[in-house]
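The exercises below are meant to be worked with the sequence and the coordinates side by side. Try each task before reading its solution.

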Amino acid sequence: MSKSNKMRVVLVEPGRYTRKATIENTLEAEQAVVGGMIDVIRPWPKENVCLVLNDEGKVIPLQPNRGLSEIDDVVYGTFFLCGEDGENFCSLTNEQVERYLARFRELEIICDMPDAIICFPCSPQRYRRYMEGLNIGNGLERPDHRDNPSR
């Protein structure tokens, strides 16, 4: 199947509510959305859905965004969900858009506990106050994450 020029995705940004978006289906556009080199994970192996994120999100560090209970991890920085058609990215179906808008609807304050990652739903204002208190996102402090797990 040929690669379309644009694709419908679900965009998930730290401190913001999840939304539908249309982006160019090019490497450059995808890198611009996540703010750097892309990496792709597939937390839902039975679905043709990719979670596209910044490859260095944990290292830079970017702000923690959403927890992924499916793989017991956290995504740092902006990410998007798109479909997968063989070797190409493609638009999500209407059903997938609704499913992932609901799945990532709530902003989260993320706590890395000794034996689990716990995510607390919150408002954008509470998220901002929490992040200001941690000084994450301004390069002053490196968060705990899977490369340096506390458990």
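Accessible areas here come from the Shrake-Rupley method with a 1.4 Å probe. On that basis the chain, which is a predicted model, exposes about 8,400 Å², of which carbon and sulfur atoms supply 48%.

**Exercise 1. Describe the order of helices and strands in the chain, and state what share of its residues is buried.**

Step 1. The chain holds three helices and ten strands, and reading along the sequence gives the pattern β-β-α-β-β-β-β-β-β-α-β-β-α.

Step 2. Taking buried to mean under 20% relative accessible area, one finds that 40% of the 151 residues fall into this class.

Step 3. If the contacts between residues at least 6 apart in sequence are considered, 57% of them join residues at least 24 apart.

**Exercise 2. Find the salt bridge partners of Glu24, Glu98 and Asp73, and work out which parts of the chain each pair ties together.**

Step 1. The side chain of Glu24 meets that of Lys6 in a salt bridge, at 2.9 Å from N to O. Because Glu24 lies in strand β2 (residues 19-24) and Lys6 in strand β1 (residues 6-12), this pair ties together parts that are 18 residues apart in sequence. Glu24 is partly exposed at 35% relative accessibility, and Lys6 is likewise partly exposed, with a relative accessible area of 47%.

Step 2. Glu98 pairs with Lys20, the closest N and O atoms lying 4.0 Å apart. Since Glu98 belongs to helix α2 (residues 94-103) and Lys20 to strand β2, the parts that they tie together are 78 residues apart in sequence. Glu98 counts as partly exposed, its relative accessible area being 46%.

Step 3. Asp73 forms a salt bridge with Lys58, at 2.8 Å from N to O. Lys58 sits in the loop between β4 (49-54) and β5 (64-68), while Asp73 is in strand β6 (residues 73-76), so the pair ties together parts that are 15 residues apart in sequence. Lys58 is buried at 16% relative accessibility, and Asp73 is buried as well, with a relative accessible area of 18%.

Step 4. Salt bridges with shared partners also join Glu47, Glu95 and Arg99 into one network. A search of the whole structure finds eight salt bridges.

**Exercise 3. Which residues of the largest nonpolar core touch the most other members, and which elements each supply at least two residues of this core?**

Step 1. As a starting point, nonpolar side chains in soluble globular proteins tend to be buried together.

Step 2. The largest nonpolar core has 15 residues, and those that touch the most other members are Val10, Trp44, Leu51, Phe79, Leu81, Tyr100 and Phe104. At least two residues of this core come from each of β1, β4, β7 (79-85) and α2.

Step 3. Leaving aside neighbours within four places in sequence, the contacts of Leu81 include Val10, Trp44, Leu51, Tyr100 and Phe104, and also Val9 and Cys50.

Step 4. Val9 and Cys50 are among the members of a second, separate core of eleven residues, which also includes Val52 and Phe80.

**Exercise 4. Which residues make the nonpolar surface patch of about 240 Å², and where is Met113 found?**

Step 1. The patch is made by Met113, Ile118 and Phe120.

Step 2. Met113 is found in strand β9 (residues 107-113), and its relative accessible area of 35% makes Met113 partly exposed.

Definitions and conventions. Residues numbered from 1 in each chain as written. Predicted model: local features only at pLDDT ≥ 70, side-chain atom pairs only at ≥ 80, totals over all residues. Heavy atoms only, no water. Helix = DSSP H or I, 4+ residues; strand = E, 2+ residues; numbered from the N terminus. Buried < 20%, exposed > 50% of the residue type's maximum accessible area, 1.4 Å probe, protein only. Contact = heavy atoms within 4.5 Å. Core = buried A, V, L, I, M, F, W, Y, C linked by side-chain atoms within 4.5 Å. Patch = residues over 30% accessible without salt bridge, like charges linked within 9 Å, V, L, I, M, F, W, Y side chains within 5 Å.
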